[in-house]
Amino acid sequence: MSNIIIDSRFDSGSIDVMTVHQASAMLRLKPDNESEFKQWFHFRVANCGGRELVLKIVGLNDSAYPAGWPDYNACVSEDRDFWGRAPSTFDKDEEGGTLTIRYTPASDLVWFAYFAPFSIDRHHDLIAECASSEGVEHRRLGETLDGQPLDCLAMGEGETQVWLYGRQHPGESMAEWWMEGALEVLCDPADTLGRALRQKCRFHVVPNCNPDGSARGHLRTNAKGVNLNREWESPSAERSPEVLAIRNAMDETGVHFAMDVHGDEAIDANFLAGYEGIPSWSDEHGERFYRYQRILDRRCPDFQTVKGYPKAGPGKANMTVSTNQVAERYAATAMTLEMPFKDNSDYPDVVQGWSPARCKLLARDCLGALLEWLESEEG
């Protein structure tokens with residue numbers, strides 16, 4: 001019986017093949033360029049012949065987030081459109097931590113990924129479609145280290161300056177699925193929610209802050225191995241031109257409300273992180289964030305406030321992080337939205353887990369909460 005064939009030399013592809021025997025393989029994660037971060041994988045398997053595949057990704061105790069592997073099921077697709085989940089098990093004592101993926105494809109070809117990929121081509125399709133929509137302006141904020149454009153879309157006639165940006169960590173592809181959902185609302189003249197928000201706000205949307213890392217198949221860094229969400233205090237053209245370009249654009253417009261969209265490897269829930277601990281913290285400033293969080297919690301069953309990150313103590317905020325820097329620099333109501341790589345354990349989906357479709361629905365709920373937040377502030 002012939003061996004399966006494993007490839008990863010394509011947009012966002014990443015895996016090291018150690019051994020292959022018939023329908024089984026032993027694999028290893030590849031670290032980001034000039035970095036030790038490793039967690040993302042994306043590869044295809046050919047010559048499957050309808051056999052059960054047994055794929056073992058080893059050495060995971062040394063990955064960036066080992067707590068991300070228990071109760072995780074790998075994403076799988078046979079058409080690169082619908083992404084389901086392949087039954088997977090994690091054994092921390094096997095080969096330095098091993099995720100075993102078992103899946104029997106219906107055809108000869110199948111793709112696996114850490115989360116449903118959002119390709120660079122899809123990104124450009126999204127930018128083109130939105131830029132051609134009525135009332136939408138496109139701006140090229142700058143250029144990445146690999147020479148890719150940094151795209152920003154602007155729309156709305158209101159006075160409230162809203163920045164939505166995602167995928168600083170490129171392997172967190174759920175962030176751009178969220179962005180696609182948000183832009184579908186904001187760019188559709190027939191969508192009443194989008195129309196109401198555009199009347200009140202001027203939106204600036206950066207769907208992908210890190211196209212280099214996305215194309216290279218990185219988890220967390222840009223082309224130079226730099227974690228962009230630790231560059232906001234002093235970005236540079238040499239290390240983090242992406243952050244420098246975005247922050248310069250924010251300086252031009254000011255920021256009233258900002259959401260930085262991410263994914264979390266270990267926590268099986270959607271949650272927000274705020275800006276506790278910044279130097280200028282006040283209860284009044286913090287209450288603006290907490291009020292938005294309460295509104296979203298009430299409106300959206302897929303959101304919760306029990307699970308999340310610890311709050312920083314007074315004066316202890318990490319000012320290199322986007323949310324803290326934006327809240328401090330502009331006195332903005334800023335926040336980080338985290339979505340799961342696994343699933344929302346409150347409402348699990350055994351077929352897809354947390355999925356692109358649910359990312360897009362959450363985006364609509366976040367925008368609905370923003371409208372209510374704005375109206376309650378006016379009242």
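Me: What makes R294 count as partly exposed?

Reply: This is a predicted model, and in it R294 has a relative accessibility of 47%. Buried means under 20% and exposed means over 50%, with partly exposed in between, so at 47% R294 counts as partly exposed.

Me: Where does R294 lie, and what separates R294 from W373?

Reply: R294 lies in helix α6. Along the chain R294 and W373 are 79 residues apart, while their C-alpha atoms are separated by 9.7 Å.

Me: How do you know that the length of α6 agrees with its number of residues?

Reply: Helix α6 covers residues 283-299, which is 17 residues. The expected span is 1.5 Å times one less than the number of residues; for α6 that gives 24 Å, and the end C-alpha atoms are 24 Å apart, so the two agree.

Me: Which residues of α6 are buried, and what covers them?

Reply: The buried residues in α6 are H285, G286, F289, Y290, R291, Y292, Q293, I295 and L296. Their cover includes the strands β15 (257-264), β16 (271-273) and β17 (333-340), along with the helices α7 (322-330) and α8 (356-378).

Me: Why is the pairing of α3 and α8 called oblique?

Reply: The axes of helix α3 (residues 192-200) and α8 come within 10 Å and cross at roughly 45°. That angle makes α3 oblique to α8, because under 35 degrees would count as roughly parallel and 65 to 115 as roughly perpendicular. The crossing of α3 and α8 is left-handed. On the α3 side the contact is made by L193, A196, L197 and K200. On the α8 side it involves R364, L367, G368, L370, L371, L374, E375 and E378.

Me: What about C366 and its closest cysteine sulfur?

Reply: For C366 the closest cysteine sulfur is in C300, at 6.8 Å, which is also too far for a bond.

Me: Are C201 and C366 buried or exposed?

Reply: C201 has a relative accessible area of 0%, so it is buried. C366, at 2% relative accessibility, counts as buried too.

Me: What is noted about phi in S12 and D71?

Reply: Phi of S12 is near 70°, a positive value in a residue other than glycine. D71 is likewise not a glycine and has a positive phi, near 65°. S12 is found in the loop between β1 (5-7) and β2 (16-21), and D71 in the loop between β5 (53-58) and β6 (74-77).

Me: Which of the labels, buried or exposed, goes to S12 and which to D71?

Reply: S12 has a relative accessible area of 5%, and is therefore buried. D71 has 74%, and is therefore exposed.

Me: Why is S35 called buried, and what is it in contact with?

Reply: S35 lies in the loop between β3 (24-28) and β4 (42-46). Its relative accessible area is 18%, and the cut-off for buried is under 20%, so S35 is buried. Leaving aside neighbours within four places in sequence, S35 is in contact with T221 and G225.

Conventions
Residues are numbered from 1 along each chain as its sequence is written. This is a predicted model: local features need pLDDT of at least 70, side-chain atom pairs count only at pLDDT 80 or more; totals for chains, interfaces and linings use all residues. Side-chain values use heavy atoms; hydrogens and water are left out. Helices (H or I, at least four residues) and strands (E, at least two) are DSSP runs, numbered from the N terminus. Buried means under 20% relative accessible area, exposed over 50%, partly exposed in between (1.4 Å probe, protein chains only). Contact means heavy atoms within 4.5 Å. A disulfide is a pair of cysteine sulfur atoms within 2.5 Å. Axes are lines fitted to C-alpha atoms, for helices over the stretch in contact, and angles run from 0 to 180 degrees between N-to-C directions. Angles under 35 degrees count as roughly parallel, over 145 as roughly antiparallel, 65 to 115 as roughly perpendicular and the rest as oblique. A crossing is left-handed if the near helix is turned anticlockwise from the far one by less than a right angle, and right-handed if clockwise.
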